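Please take a look at the structure shown here.

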Amino acid sequence: MLSVAEALHLVLEHSHAKAPGEVSLADAPGLVLAEDIASDIDSPPHTKSMVDGYAVRSADLIEGRARLIVTEEITAGAVPQHSVVSGHAARIMTGAPLPDGADSVVMIELTNMFGANVEIQDANFRSGQNVIPRGQSLRQGETVLRRGVELGSAEIGLLAEVGRSRVQAIGPVRMAILSTGNELVPASEKPVAGQIRNSNGPLLVAACRRAAAMPIDLGIARDETDELHRLMSGGLENDVLVISGGVSAGVLDLVPRALADLGVRQVFHKIRLKPGKPLWFGVCDSALPTPHCALVFGLPGNPVSSLVCFELFVKPAIARIAGRHWEAPHATQSAKLTREFLHRGDRPTYHPARLVASLDERLVEPLGWKGSADIRGFVGANALVVFAAGERQYKPGEAVEVLVL
Ligand code: AMP
Ligand code: MG
């Protein structure tokens, strides 16, 4: 059986960035930019006021005081009609263009109106105050974003500012999800004898969204070859197909055989991992006329096994397909146990845990988790503690390796 590291290596070897496509800004959050972006404007496009107040010539103020004739009112979006000449000022609003002749703005709070005149008393007046010069943040023709950056809120705002309502970006990664099992009913139904609700479908949709991929939920397949073929072949038209259940050694574990029938080549089956030993991974045979070379993950049916395998293998694959090459898969960190812990197991175990905030050291609390079917025991987990195979009593304060979720 492969180790987790060997299996991850194989997964990443088969995970390639998608070809970029054009997306609107509404669809761009979380995607990786696939072009350099140059600005088509100066920003700000005109020298502008930062406050509501009066645009003045600094030479007209003596120790911050002056009485000036107000010539016009300039609101944001308007264009000044007059130059400010000596002895005059213009009422100006935040963001409005500074009129010629003026070089500073005095805040409204430091002024009083007397008919058509304004009296200014600004003890801290400095020439040039409250003014942003044209092009201060960026210049026309300047490259403002480089390919490879992940598009977050600030990047999207900047793209809008420089007039890019559509951009070339990678993704989104499309991930089809198929839950298999004769025993499964949807969450909206009450199970009868022998049945359980489908936890993995919604769990994997959520995990997929959190990994910034687009879930396509194919629902529940019976443990029956024709139904598996039909639903899986639709799923293979996406970047990733994730199937839960049916990959162990039971009589109705038909998934690997059904995938082989569809031309999906097995890369590995079963790894030295707890929970998640039955994990199956394969790729579409590139000789087949499929539109994509989908990656296929057969996750074990127990919900915690499915979630751990998603975190360990599917998430890094999604990051690669999305072009997020900087994302280090499985960069574990060291933390100290908050309490003693007895670990016993024949495989390396990824135990759900909670990292606790602390000023000077990273502390981790293993949760009271009862095994691969116990998704409740995973609630509140924000990390996995990696315990080596074997039996060992860990002491409080002992350093362990953790994978942050
Ligand atoms: P399997 O991998 O199909 O052998 O399933 C292993 C265990 O996980 C069995 O107890 C199944 O009933 C359970 N299981 C399988 N699929 C799901 C699912 N979608 N939601 C919750 N439990 C599941
Ligand atoms: Mg099953």
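## The ligand and its contacts

In this predicted model, an oxygen atom of ligand 1 lies 2.5 Å from an N or O atom in the side chain of Glu183. That is a polar contact (a pair of N or O atoms within 3.5 Å; within protein, one must be able to donate a hydrogen and the other to accept it, and residues adjacent in sequence count only if both atoms are side-chain atoms). Ser199 uses its backbone: an N or O atom there is 3.0 Å from a nitrogen atom of ligand 1. Asn302 also uses a polar backbone atom, 3.1 Å from an oxygen atom of ligand 1. The protein covers 77% of the 480 Å² of accessible area that ligand 1 has on its own. Accessible areas come from the Shrake-Rupley method with a 1.4 Å probe; for residues, only the protein chains shown count as cover.

## The ligand's surroundings

How many residues surround ligand 1? There are 17, and the closest are Glu183, Asn198, Ser199, Gly246 and Gly301. A residue is near a molecule if one of its heavy atoms lies within 4 Å of it. The shell divides into 4 nonpolar, 10 polar and 3 charged residues. Here Ala, Val, Leu, Ile, Met, Phe, Trp, Tyr, Cys and Pro count as nonpolar, Asp, Glu, Lys and Arg as charged, and the others, Gly among them, as polar.

Ligand 1 sits in the largest pocket. A pocket is found on a 1 Å grid over the protein atoms alone, as an open set of points where a 1.4 Å probe fits, with protein on both sides within 12 Å along at least five of seven lines. A molecule sits in a pocket if more than half of its atoms lie within 2 Å of its grid points.

## A sheet of three strands

Strands are DSSP runs (E, at least two residues), numbered from the N terminus. Two strands pair if DSSP finds at least two bridges between them. One open sheet has 3 strands in the order E1-E13-E2, with antiparallel pairing. Strands E1 (20-24) and E2 (32-33) stand at the edges, each with a single partner strand, so one side of each has no neighbour in the sheet.

E1 and E13 (residues 166-170) run antiparallel and are joined by 5 bridges. Val23 has Val167 in E13 as its bridge partner.

## Pairing around E6 and E7

E6 (residues 65-74) pairs with E10 (residues 117-121) in the antiparallel sense, over 5 bridges. In E7, Arg91 is the bridge partner of Glu73, and His88 is that of Ile69.

E7 pairs with E5 (residues 53-56) too, antiparallel and over 3 bridges. There, Gly53 stands opposite Ile92.

Where is Pro172? Pro172 lies in the loop between E13 and E14 (174-180). A cis peptide bond joins it to Gly171, with omega about 5 degrees. Another cis peptide bond joins Lys274 and Pro275, with omega about -5 degrees. Pro275 is in the loop between E19 (264-269) and E20 (280-284).

Lys270 is in the loop between E19 and E20. Its phi is near 80 degrees, a positive value in a residue other than glycine. Asn130 has a positive phi as well, near 60 degrees. Asn130 is found in the loop between E10 and E11 (131-132).

## How to read the model

Residues are numbered from 1 along each chain as its sequence is written, while chains are lettered from A and ligands numbered from 1 in the order in which they are written. In this predicted model, local features need pLDDT of at least 70, side-chain atom pairs count only at pLDDT 80 or more, and totals for chains, interfaces and linings use all residues, while side-chain values use heavy atoms, with hydrogens and water left out.

Terms used
1 Å grid on protein atoms, 1.4 Å probe; cavity = no way out; pocket = protein on both sides within 12 Å on 5 of 7 lines; lining within 4 Å. Helix = DSSP H or I, 4+ residues; strand = E, 2+ residues; numbered from the N terminus.
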